[in-house]
Amino acid sequence: MTVLCLVETDAHGIRDSSLPALAVARALADSADSADSADSAGEHLAAAWVGVDAVVDGGSLALAGVDRGCAIDLGATAGYAPAAWARGLAGLATAGVGDGFGPVSAVVAAATDRGNEVLAHLGAITGLPMAANCVSASRIAPGRCQLVRQRWAGSLLEDAVLESPVALLTVATDAVAAQQAGEPGSASSDRTDTPASMAMSGPVPVPVPVLRYEPALTGGDLLVQAAESADRSAGVSLATARVVVGGGRGVGGPDGFTMLEELADLLGGVLGVSRVVTSQGWRPHRQQVGQTGTKISPELYLACGISGAIQHMAGCQGAKTIIAINTDPDAPMVAKADYAVIGDLHQVIPALIEALKQRGYR
């Protein structure tokens with residue numbers, strides 16, 4: 001049996017958001033040894049990606065415990081085509097990923113906009129149920145998986161059992177840490193069949209073999225295609241940034257975000273905004289942090305002039321450290337922050353920028 005994990009790529013390789021999905025997929029594959037005594041070695045893990053020219057480091061896949069790579073060839077299809085991606089996964093789930101790997105028992109993806117959409121299409125194609133925003137998954141019997149998943153924007157966790165011949169699930173990217181196969185505490189650390197090349201301190205890992213798969217597409221699979229502009233595909237994304245500088249109504253207007261963008265550049269981060277900012281048309285929706293925007297989990301979230309509505313907090317609660325800059329000491333964001341500066345951001349931010357430049361930040 002094989003667990004198949006969809007990994008998303010960009011010009012630099014596998015996106016960070018796909019690494020937690022690989023960790024949960026590896027744990028699900030390993031859990032099969034306790035669910036089915038006939039398969040004491042667990043299941044295989046295969047990673048699939050779209051594009052034969054995609055930048056994928058086979059050594060990194062090996063470190064994640066991947067046994068086989070699958071490059072889905074969509075031909076001349078340009079951009080992101082969710083139905084076509086799903087058709088490719090459906091074909092692999094039906095045909096398998098190669099001799100000796102057995103049938104596919106689960107398909108896993110990151111709970112990104114693309115991952116959720118593609119697996120929803122896959123569920124529609126196959127007629128199988130899909131579970132979103134999982135934080136763990138284990139096989140308790142053939143065709144039955146024990147899940148823990150986020151509900152209500154991550155404010156609570158749900159224990160559930162997914163009954164399906166092929167489990168379809170997405171993994172919450174802000175709640176699961178990426179792990180290498182053999183890493184202490186990882187699900188595969190006690191696997192007896194894990195090659196030494198996959199261990200953290202072993203020799204350079206041997207890249208995994210890659211299968212090229214060309215699905216049979218229908219005309220309807222290509223009706224929707226989305227091209228990503230160069231400025232959006234380059235650099236750090238809001239969902240994976242280590243530093244996010246957020247701006248809310250207190251910024252005052254479109255011009256006020258210039259200094260926040262400068263601060264984000266100095267810190268090597270990206271700009272995020274609250275919902276009211278996008279509602280006013282000051283910034284595009286793709287920069288919105290919140291329940292109806294992007295969920296973030298940076299090392300540092302600097303919230304400037306943001307009151308901290310519950311919908312916004314649902315999107316930034318994964319941040320390791322929150323610093324709030326606000327004139328209102330009673331603002332919900334100030335109460336939730338680890339540190340707070342009570343003052344006018346139009347005075348605080350320029351002073352902070354100047355201090356960083358004096359310390360050599362450019």
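Trainee: Which residues does Thr 112 touch, not counting residues up to four places away in sequence?
Mentor: In this predicted model, Thr 112 lies in the loop between S6 and helix H5 (113-126). Its relative accessible area is 16%, and because buried means under 20%, Thr 112 counts as buried. Leaving out residues up to four places away in sequence, the residues that Thr 112 touches are Glu 8, Ser 17 and Thr 173.

Trainee: How many helices and strands does the chain have, and what share of its residues is buried?
Mentor: The chain has eleven helices and 16 strands. Among contacts between residues at least 6 apart in sequence, 61% join residues at least 24 apart. Of the 362 residues in the chain, the buried ones make up 48%.

Trainee: Which strands stand at the edges of the open sheet?
Mentor: The open sheet has nine strands with mixed pairing, in the order S9-S8-S7-S10-S6-S1-S4-S5-S11. The strands at its edges each have a single partner strand, so one side of each is left without a neighbour in the sheet; these are strand S9 (156-163) and strand S11 (210-213).

Trainee: What does the twist of that sheet average from one strand to the next?
Mentor: The order to keep in mind is again S9-S8-S7-S10-S6-S1-S4-S5-S11. From one strand to the next along this sheet, the twist averages 30 degrees.

Trainee: Which residues stand opposite Val 3 in S4 and in S6?
Mentor: Strand S1 (residues 2-6) runs parallel to strand S4 (residues 44-50), and five bridges join the two. S1 also pairs with S6 in the parallel sense, over four bridges. Val 3 takes part on both sides, for its bridge partner in S4 is Leu 45, while in S6 the residue opposite Val 3 is Ala 106.

Trainee: Which residues of S1 point the other way from Thr 2, Leu 4 and Leu 6?
Mentor: In a regular strand the side chains alternate between the two faces of the sheet. S1 is mostly covered, with five of its five residues buried, and Leu 4 stands opposite Ala 46 in S4. Thr 2, Leu 4 and Leu 6 point one way, and the residues that point the other way, likewise buried, are Val 3 and Cys 5.

Trainee: Which element gives the most to the largest nonpolar core?
Mentor: The largest nonpolar core has 36 residues, and those with the most contacts inside it are Val 108 and Leu 169. Several elements each supply at least two residues of this core, among them S1, S4, strand S7 (130-141) and strand S10 (167-171). The element that gives the most, with seven residues, is H1.

Trainee: How many residues are in the other core, which lies apart from that one?
Mentor: Besides the largest nonpolar core, with its 36 residues, there is another core that lies apart from it and includes Tyr 80, Ala 109, Val 118 and Leu 119. The number of residues in this other core is 28.

Trainee: What separates the C-alpha atoms of Ala 137 and Arg 26?
Mentor: Ala 137 has its place in strand S7 and is buried, with a relative accessible area of 8%. Not counting residues up to four places away in sequence, Ala 137 touches Val 24, Ala 27, Leu 28, Gln 146, Leu 147 and Leu 169. Although Ala 137 and Arg 26 are 111 residues apart along the chain, their C-alpha atoms are separated by 9.7 Å.

Trainee: What is the angle between the planes of the Tyr 80 and Trp 85 rings?
Mentor: A search of the whole structure finds one aromatic pair, and Tyr 80 and Trp 85 are both buried. Their rings are 5.0 Å apart, centre to centre. The pair is edge-to-face, because planes over 60 degrees apart count as such, and the angle between these planes is 85 degrees.

Technical notes:
Residues are numbered from 1 along each chain as its sequence is written. This is a predicted model: local features need pLDDT of at least 70, side-chain atom pairs count only at pLDDT 80 or more; totals for chains, interfaces and linings use all residues. Side-chain values use heavy atoms; hydrogens and water are left out. Two strands pair if DSSP finds at least two bridges between them. Axes are lines fitted to C-alpha atoms, for helices over the stretch in contact, and angles run from 0 to 180 degrees between N-to-C directions. A nonpolar core is a set of buried Ala, Val, Leu, Ile, Met, Phe, Trp, Tyr and Cys residues joined through side-chain atoms within 4.5 Å. Buried means under 20% relative accessible area, exposed over 50%, partly exposed in between (1.4 Å probe, protein chains only). Contact means heavy atoms within 4.5 Å. Rings of Phe, Tyr and Trp (its six-membered ring) pair if their centres lie within 6.5 Å; planes under 30 degrees apart count as stacked, over 60 as edge-to-face and the rest as tilted.
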